[in-house]
Amino acid sequence: MLKTFVLVLIAAVIGGTGHVMLSKGMKTVGDLTEAPSSMLGGMVGRAVSNPWLLLGVALQATFFFLYLTLLSRAHVSQVLPMTAIDYIVVALLAQLLLAETVTPTRWAGIGFIVVGVFLVSRT
């Protein structure tokens, strides 16, 4: 079980970092949903060549393969909730790298998630 939990922690850090890198990259590309259709091609071109997005995709792919490894070791009903630990990683990195404000209420919600992860990991 300890090895599984260590793999979950590694996967959560990699996955959470990937989420933040994807967000950082898309902030430089712009809002695709609000862009006029004449600008979409250029925006997509900037997206697929953006180093933050490429790093985010690579990290997400790594997370996916770690997740598959975890599913070969443990029950999905245990592994999936445990990967929610990445909410901590995302909140911390969003503050540091994206200058996002994480409110006390949001931290409380993340705390409840961590308690839930603990409860799931104990079964």
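**Labels and their cut-offs**

Of the 123 residues of the protein chain, 34% count as buried, where buried means under 20% relative accessible area, exposed over 50% and partly exposed in between, with a 1.4 Å probe and protein chains only. The model is predicted: local features need pLDDT of at least 70, side-chain atom pairs count only at pLDDT 80 or more, and totals for chains, interfaces and linings use all residues. Residues are numbered from 1 along each chain as its sequence is written, and side-chain values use heavy atoms, with hydrogens and water left out.

Q: What makes up the pattern of the protein chain along the sequence?
A: The pattern reads α-α-α-α-α-α, with six helices and zero strands. Helices (H or I, at least four residues) and strands (E, at least two) are DSSP runs, numbered from the N terminus.

Q: Why is Thr17 called partly exposed?
A: Thr17, in helix H1, has 21% relative accessibility and therefore counts as partly exposed. Leaving aside neighbours within four places in sequence, Thr17 is in contact (heavy atoms within 4.5 Å) with Leu59, Val89 and Leu93. Thr17 and Leu92 are 75 residues apart in sequence and 9.8 Å apart in space, C-alpha to C-alpha.

Q: Why is Leu2 called exposed?
A: Leu2 also belongs to helix H1. Its relative accessible area is 67%, so Leu2 is exposed. From Leu2 to Ser72 the C-alpha to C-alpha distance is 15 Å, at a separation of 70 residues in sequence.

Q: Why are H1 and H3 called roughly antiparallel?
A: Helix H1 (residues 2-29) and helix H3 (residues 51-73) pack at an angle of about 155°, with their axes 7 Å apart. Axes are lines fitted to C-alpha atoms, for helices over the stretch in contact, and angles run from 0 to 180 degrees between N-to-C directions. Angles under 35 degrees count as roughly parallel, over 145 as roughly antiparallel, 65 to 115 as roughly perpendicular and the rest as oblique. H1 and H3 are therefore roughly antiparallel.
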